Amino acid sequence: MLTQRGWAAILILNVAFIISRTSLCGIGRTKHSYIDKDYPVKLPIHLEQVQATFDCSVRYALNSSIAGEIWKKSTDTRNGGFVRLGPDRRVFAVSMFHELHCMSALSAALNETISSQTPAMDGHIGHCLNYLRMFIQCSADATEEPVVKVSTLKSQGCAPSFIRRCSNWNTLYDFLSSNYLAFHEHKAANGSWNA
């Protein structure tokens, strides 16, 4: 039978083993080098949940003179939807802005005539469709939505609005803005990106 000291020694060995395993596999690590695949999956921010009304917005209508400008404004950040992170200020695209960029490209493509589309545009649109498909599947949103009859859409031109819980996207806009300013302050102070 083990004494109290024996149990304490076993406990200490178990704790030491767990700590060594944790540090070897990187679990619990908060610092990243931002080299190759050593970077966090998400930005270091917390997105609060907010209520948003999903409705038909005439601002995003097809064949509208204002829609193109509205789409451009949705991705119009000073840094183009990119952030610079880590000691070498590595560039990362932020998923929400990539998605909005793709939606903007799809809207533009739908408003173009077939004869004015180019093979490069087809490649970009193909990428965007695939990217949005993967994002939608990855999110696997199981929220229930009311079903709207096609006849209602034809007669009213819009589905009835409903409320959803969403991440506060304004937090992302704010984070990108402060990241942009910090990067340019660093660049001005050091004369280069990486100093």
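**Close-up views of a predicted model**

Tyr-34 is buried, with a relative accessible area of 17%; buried here means under 20% relative accessible area, exposed means over 50% and partly exposed is in between, using a 1.4 Å probe on protein chains only. This is a predicted model, where local features need pLDDT of at least 70, side-chain atom pairs count only at pLDDT 80 or more, and totals for chains, interfaces and linings use all residues. Residues are numbered from 1 along each chain as its sequence is written, and side-chain values use heavy atoms, with hydrogens and water left out.

**View 1. Tyr-34 sits in a loop with a positive phi.** The loop in question runs between α1 (4-25) and β1 (49-54); helices (H or I, at least four residues) and strands (E, at least two) are DSSP runs, numbered from the N terminus. Phi of Tyr-34 is near 60°, and this residue isn't a glycine. Most residues other than glycine have a negative phi.

**View 2. Arg-89 also has a positive phi.** Its value is about 55°, again in a residue that is not a glycine. Look for Arg-89 in the loop between β2 (82-85) and β3 (90-93).

**View 3. Cys-102 and Cys-128 form a disulfide.** The structure holds 1 such link, a disulfide being a pair of cysteine sulfur atoms within 2.5 Å. Here the two sulfur atoms are 2.4 Å apart. Cys-102 lies in helix α3 (residues 95-111) and Cys-128 in helix α4 (residues 119-139), so the bond ties together parts that are 26 residues apart in sequence. The angle about the S-S bond is -70°, which goes with a left-handed link. Both Cys-102 and Cys-128 are buried.

**View 4. Cys-138 and Cys-166: buried or exposed?** Cys-138 counts as exposed, at 66% relative accessibility. Cys-166, on the other hand, is buried, with a relative accessible area of 12%.

**View 5. Helix α2 packs against α3.** The axes of α2 (residues 67-74) and α3 come within 9 Å and cross at roughly 165°. Those axes are lines fitted to C-alpha atoms, for helices over the stretch in contact, and the angles run from 0 to 180 degrees between N-to-C directions. The crossing is left-handed, meaning that the near helix is turned anticlockwise from the far one by less than a right angle; clockwise would be right-handed.

View 6. From α2 come Trp-71, Lys-72 and Ser-74, which meet Phe-97, Leu-100, Met-103, Ser-104 and Ser-107 in α3; contact means heavy atoms within 4.5 Å.

**View 7. Ser-104 belongs to helix α3.** At 16% relative accessibility, Ser-104 counts as buried. Setting aside neighbours within four places in sequence, Ser-104 is in contact with Trp-71 and Lys-72.

**View 8. Zooming out, the protein chain has 6 helices and 4 strands.** Along the sequence, they follow the pattern α-β-α-β-β-α-α-α-β-α. Buried residues make up 21% of the 195 residues.
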